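Dear colleague,

My notes on what was found in it follow directly after.

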Amino acid sequence: MAEKSGYAAHLRTYLTGYVLSVVLTLAAFWAVLAVGRENKSVLLLVGLLGVAQLAVQLKCFLNVTTRREGRDNLALILFSTLILLIIVVGTAWIMGNLAIRMHTTM
Amino acid sequence: MNGNPSTSNPNVNPGQLPGAIHKDPDMVVFGFWVFMMSDLIFFGVVFAIYITMIGATAGGPGPRELFDFGSLFAQTMLLLTSSLTVGIATVTMKHQRSQASFLFWVVVTLLLGLGFLTLELYDFSQMAEKGGVPQRSGYLSAFFGLVPLHGLHVSFGCLWMLVLIAQVWKKGMLDIIKLRFLRLALFWHFLDLIWIGIFSIVYFGGWVYG
């Protein structure tokens with residue numbers, strides 16, 4: 001029945017999200033532990049894997065969509081993310097510059 | 001949020017919500033999203049402090065001496081799995097499976113959350129044994145400002161679950177309790193999102209750059 005298939009479909013969404021998250025987490029751990037000591041650019045890969053996992057969890061666990069009914073939620077999240085990026089990137093930029101100009105190591 | 005009674009949220013049964021208290025379940029959930037985004041900004045500020053403090057170890061122990069990646073991986077898996085089980089509980093509730101199976105998945109989530117907290121506290125005690133205490137350096141102050149803040153959120157989530165289990169036990173699956181659980185599930189998923197930032201930036205970033 002329709003009710004039954006809905007149950008299975010919802011369950012499958014969560015399981016898909018879980019499996020994808022586990023794979024992305026394993027990839028991040030593997031990347032850092034395999035080459036992290038020698039190569040700092042591995043952090044770029046970790047960042048990309050992290051963003052991918054955020055996207056997977058927002059879609060599969062938190063049901064954030066681009067559908068019209070869910071637009072308010074999405075607008076709120078995007079606006080908060082903008083504020084967050086200004087705070088975090090701005091802080092890292094200014095304090096990093098300060099550290100270089102004061103000749104302190106960071 | 002147009003007051004349409006047929007909710008867009010796939011987790012609520014719109015027909016059963018008490019209209020006198022909450023006309024629109026979407027509105028309630030949206031309000032909780034606003035809270036979570038304010039919490040996200042709070043976390044963002046503490047993350048920013050941590051990033052500027054990487055390397056400021058003042059001769060004390062740094063990430064390379066202190067971090068235990070085996071324990072970190074176990075914590076990550078426990079939290080991720082608890083996010084799945086709280087999702088299964090949500091689906092169980094939405095499709096009106098038995099109250100027992102709903103409670104079962106909430107209890108599983110609670111146990112996974114408590115397992116995560118136990119490992120985290122053990123980790124902190126191991127760090128303290130190696131001299132990694134908050135007052136040792138700016139770096140460690142920033143670390144202990146951020147990671148236990150997340151742990152505190154998990155603790156409150158566990159407390160919330162205990163209260164919710166007691167309410168379901170005593171009063172049954174009332175609609176208002178369903179709506180409370182919906183917000184708890186959002187809160188719990190959100191903690192998993194923050195944890196992605198913690199293992200990527202705090203642990204991996206600290207380890208590679210520290």
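Helices (H or I, at least four residues) and strands (E, at least two) are taken here as DSSP runs, numbered from the N terminus. This is a predicted model, in which local features need pLDDT of at least 70 and side-chain atom pairs count only at pLDDT 80 or more, while totals for chains, interfaces and linings use all residues. Residues are numbered from 1 along each chain as its sequence is written, chains are lettered from A and ligands numbered from 1 in the order in which they are written, and side-chain values use heavy atoms, with hydrogens and water left out.

I begin with a charged residue. Glu120(B) lies in helix H4 (residues 99-129) of chain B. Glu120(B) is buried yet has no salt bridge, and the nearest side chain of opposite charge, that of Lys130(B), is 15 Å away. Buried means under 20% relative accessible area, exposed over 50%, and partly exposed in between (1.4 Å probe, protein chains only). A salt bridge is a side-chain nitrogen of Lys or Arg within 4 Å of a carboxyl oxygen of Asp or Glu; for charge, Lys and Arg count as positive and Asp and Glu as negative, with His and the chain ends not counted. Not counting residues up to four places away in sequence, Glu120(B) touches Gln75(B), Val147(B), Gly151(B) and Trp195(B), where contact means heavy atoms within 4.5 Å.

On the chain as a whole, chain B has six helices and zero strands, and its elements run α-α-α-α-α-α from the N terminus on. Of the 210 residues in chain B, 57% are buried. Among the contacts in chain B with a separation of 6 or more, 81% are between residues 24 or more positions apart.

Next, the aromatic residues. The structure holds 21 aromatic pairs over all chains. Rings of Phe, Tyr and Trp (its six-membered ring) pair if their centres lie within 6.5 Å; planes under 30 degrees apart count as stacked, over 60 as edge-to-face and the rest as tilted. Phe32(B) and Trp160(B) form an edge-to-face pair, at 5.9 Å centre to centre and with 65° between the planes. Phe32(B) lies in helix H1 (residues 25-53) of chain B and Trp160(B) in helix H5 (residues 138-171) of chain B, so this pair ties together parts that are 128 residues apart in sequence. Phe32(B) counts as buried because its relative accessibility is 13%, whereas Trp160(B), with a relative accessible area of 26%, is partly exposed.

The pair of Phe102(B) and Phe181(B) is also edge-to-face, because the ring centres are 4.8 Å apart and the planes stand at 80°. Phe102(B) belongs to helix H4 of chain B and Phe181(B) to helix H6 (residues 175-209) of chain B, so the pair ties together parts that are 79 residues apart in sequence. Both Phe102(B) and Phe181(B) are buried.

Two arginines have their charged ends over rings: that of Arg64(B) sits over Trp207(B), 5.1 Å from the ring centre, and that of Arg97(B) sits over Tyr7(A), 3.6 Å from the ring centre. The criterion is NZ of Lys or CZ of Arg within 6 Å of the ring centre and within 35 degrees of the ring normal.

What does the largest nonpolar core contain? This core has 95 residues, and those with the most contacts inside it are Trp33(B), Phe67(B), Phe143(B), Phe181(B), Tyr203(B) and Phe204(B). A nonpolar core is a set of buried Ala, Val, Leu, Ile, Met, Phe, Trp, Tyr and Cys residues joined through side-chain atoms within 4.5 Å. The elements that give two or more residues to this core are helix H1 (2-35), helix H2 (42-60) and H3 of chain A, together with H1, helix H3 (69-94), H4, H5 and H6 of chain B. H6(B) gives the most, with 22 residues.

Finally, the loops. Asn63(A), in the loop between H2 and H3 of chain A, has a positive phi near 55° although it is not a glycine. Gln96(B), in the loop between H3 and H4 of chain B, likewise has a positive phi, of about 50°. Lys40(A) lies in the loop between H1 and H2 of chain A and, leaving aside its neighbours within four places in sequence, is in contact with Val208(B) and Tyr209(B).

With kind regards
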